[in-house]
Amino acid sequence: MMRIAWIAALVIAAAGTIFLFLTLRGIPPHVTYGVTFSTMHAEELGLDWRAAYRAILDDLKVRDIRIPAYWPRVEPKRDVYDWSELDFQLREARARDAHVILAVGRRLPRWPECHMPQWARDSGGDKWDNAVLSMVDAVVRHFNARGGVIAWQVENEPFLRFFGECKPTDPALLRREVDVVKALDPVRPVIVTDSGELGDWARAASYGDVFGTTMYRKVPGWGIFGKYTTYPLPPQFYRLKANVVSKFSPLSRLIVSELQGEPWVIGTPTVSDVPLEEQYETVNPAYFKEIIGYATKAGIEEVYWWGAEWWYWLRVHGHTEIWETAKSLFAGRI
């Protein structure tokens, strides 16, 4: 029995040592915070997206922003491009010396995850494969020389197979998309992302120069863990995965591409469809501050919030607490 106890103690000690080694990633002295901004989602919330965008830049003083180039809005008709929305966003960002990550591809942030114009859906098969490559080429060519873009994100969580109204990602097509971007712009890095909680990270990380992870805390329980549940993951979970990826993948840096800053409500992708009381079950002013502390302990120096459109929606409706907390965060007072 003593021998078994000693062996067990040694195994536990060895496992603890390995865990500490893999998670040895100090809390950074400074975290750079940015946001994702979706014109589509702002409109779903009933907002003037231009007013919301300017408020995020001018009142919150956000200087790092991730913007999706939604295919149906960029190329509503085959080979007919509408740059007006993105030109506006990039122009406003440049005027404030803000940095933009421009996300391109078929699968981009916000439900239904895969965003395709109807003409591309109707074409099907290899034809829309070539169409998405053509669209990516056009977006990168248009913005490559205009300034403001610091990185390109190709697709969004491409290997998260079971979430969204999407067909599974073709790895060969993803590689071709990345190759198109790199051929046009060999200087700026390419970001590829994965789910922080559900993804293995390794496949996604192998495609890009920068790897982005999501970071969610309170999510629907899907009837198994109650109406809503909290992921039982300490921030060290992300530090462990980040350290493994950084040791074995040739990445220039790791970022949190999507930090939960808005509610994930059941039954609708538009948070304003449910009462405020239910919205606050997963993210509320007090818990928002807890999320800041959690993200800091994860040890990742660059973090992009998810939910800035909702903060502005709350502000418009007289609930300013989260907006004011975010304002203090971006001002460096938190």
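Helix α12 (residues 285-297) packs against helix α14 (residues 321-330) at an angle of about 25 degrees, and their axes lie 9 Å apart. This is a predicted model, in which local features need pLDDT of at least 70, side-chain atom pairs count only at pLDDT 80 or more, and totals for chains, interfaces and linings use all residues. Residues are numbered from 1 along each chain as its sequence is written, and side-chain values use heavy atoms, with hydrogens and water left out.

**Helix packing**

- α12 and α14 are therefore roughly parallel to each other (angles under 35 degrees count as such).
- Axes are lines fitted to C-alpha atoms, for helices over the stretch in contact, with angles from 0 to 180 degrees between N-to-C directions.
- Helices are DSSP runs of H or I with at least four residues, numbered from the N terminus.
- From α12, Pro285, Phe288, Lys289 and Ile292 meet Glu321, Ile322, Thr325, Ala326 and Leu329 of α14, where contact means heavy atoms within 4.5 Å.
- The residues of this contact comprise 6 nonpolar, 1 polar and 2 charged.

**Cavity**

- Searching the whole structure gives 1 cavity of 30 Å³ or more (a set of points on a 1 Å grid over the protein atoms alone where a 1.4 Å probe fits but cannot get out).
- The largest cavity has a volume of about 60 Å³, the space filled by probe spheres set on the points.
- Its lining includes Thr39, Pro68, Tyr70, Arg73, Asp82, Trp83 and Glu85; lining residues have an atom within 4 Å of a point.
- Two or more lining residues come from each of α4 (71-74) and α5 (84-95).

Technical notes
Parallel < 35°, antiparallel > 145°, perpendicular 65-115°, else oblique. Nonpolar A, V, L, I, M, F, W, Y, C, P; charged D, E, K, R; others polar. 1 Å grid on protein atoms, 1.4 Å probe; cavity = no way out; pocket = protein on both sides within 12 Å on 5 of 7 lines; lining within 4 Å.
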